[in-house]
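Work through these exercises on the structure below. Try each task before you read its solution.

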Amino acid sequence: MKNILIIGSLGQLGSEIALECRKRYGDDHVVLTDIRNDVNKPLVEGGPFYLVDARDGQSVDAIVKKHNIDTIYHLAAVLSARAEKDPLNAWNLNMGGLIASLEVAKANGCAVFTPSSIGAFGPTTPKQYTPQDTIQRPTSIYGVTKVAGELLCDYYYHKFDVDTRGIRFPGVISNMTPPGGGTTDYAVEIYYEAVKSHHYTCFLRGDTYLDMIYMPDAVQAAIQIMEANPARLRHRNAFNIAAMSFCPEEQAAYIRTHIPDFTISYDIDPVKQAIADSWPDSLEDYAARVEWDWKPRFDLAAMTADMLTTIQRRGE
Ligand code: AKB
């Protein structure tokens, strides 16, 4: 039986990985931490939960020992757009939290999952079907922390034999916990506004292509890679995964197949647009497919139908 620790467990990705892990491995075998405990009561009260700063290695170490943890999901991070507002804080949190987790993992023999991002690429990276192994010179501080994080995780694997694994996530679209501070957040907001007011004002240009993934596929990927046979892994930190690539105009067109009078207008945020323009349009994910059988279930049509139905059912 696995004993899992999820750091940053109440965020967009953390809350859904936590829910799925508790279903699969049992409530008592999935320990959660976050720097807040005032959201998602069912998660906070549904099993072991600790209020901890991800950089506090001593506290994380004590939790790992107490619960006999073998796998750490390190999910605490400042996202791309918010990071540009306070780059030093983004560096301190993203890198300080990660190295604390890696040190605890080294001392206690844990495996570590770390999310990287399409943000780990930059303007000199090939833009279409971006290969697994290619140029990584990001121009956002978030991207700098993601590349540094990938390298640090590889270093801990080679130097200390820590079983580190990671995924370069596209923009993640979900309906349980809202994202915050990301460049791809528009692709979530658009569904809520479509249901509420049949209109959305988008902060990116209508022709901005980015890779996206629906949450059920993102959760499946994060769990599947940690369960993969290590003998098959030629790469580790971090794997490209791809599910769909679209621009706001296309997403709006798919929404119109359900809400015919939906309209979209644009009020461009220059900081977010510059970040989006520096990222790939679409990733190539052959390594993930071959090394741990990655296969997404949702495309834009299926995701749009599911998001709109879920939001409408909840009356949001
Ligand atoms: C962001 O927009 O910052 C994130 C990401 C793609 O890593 N969603």
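**Exercise 1.** List the residues that surround the ligand, then sort them by class.

*Solution.* Step 1: the ligand is surrounded by Leu79, Ser80, Ser117, Ile118, Gly119, Tyr142, Phe169, Gly171, Gly182, Thr183 and Thr184. A residue is near a molecule if its C-beta atom, placed from the backbone, lies within 6 Å of it. The model is predicted: local features need pLDDT of at least 70, side-chain atom pairs count only at pLDDT 80 or more, and totals for chains, interfaces and linings use all residues. Residues are numbered from 1 along each chain as its sequence is written.

Step 2: the shell has four nonpolar, seven polar and no charged residues. Ala, Val, Leu, Ile, Met, Phe, Trp, Tyr, Cys and Pro count as nonpolar; Asp, Glu, Lys and Arg as charged; the others, Gly among them, as polar.

**Exercise 2.** Find which domains supply the ligand shell.

*Solution.* Step 1: take the bounds, which come from an automatic or database domain assignment. Domain 1 is 4-171 + 213-240, and domain 2 is 172-211 + 243-314. Step 2: the shell draws at least three residues from each of these domains.

**Exercise 3.** Describe how domain 1 meets domain 2.

*Solution.* Step 1: 46 residues of domain 1 are in contact with 37 residues of domain 2. Contact requires C-beta atoms, placed from the backbone, within 7 Å. Step 2: helix 8 (215-227) is one of the elements that supply at least two residues of this side of domain 1. Helix 8 gives the most, with seven residues. Helices (H or I, at least four residues) are DSSP runs, numbered from the N terminus. Step 3: the side of domain 1 that touches domain 2 has 22 nonpolar, 17 polar and seven charged residues.

Key
Contact = placed C-beta atoms within 7 Å.
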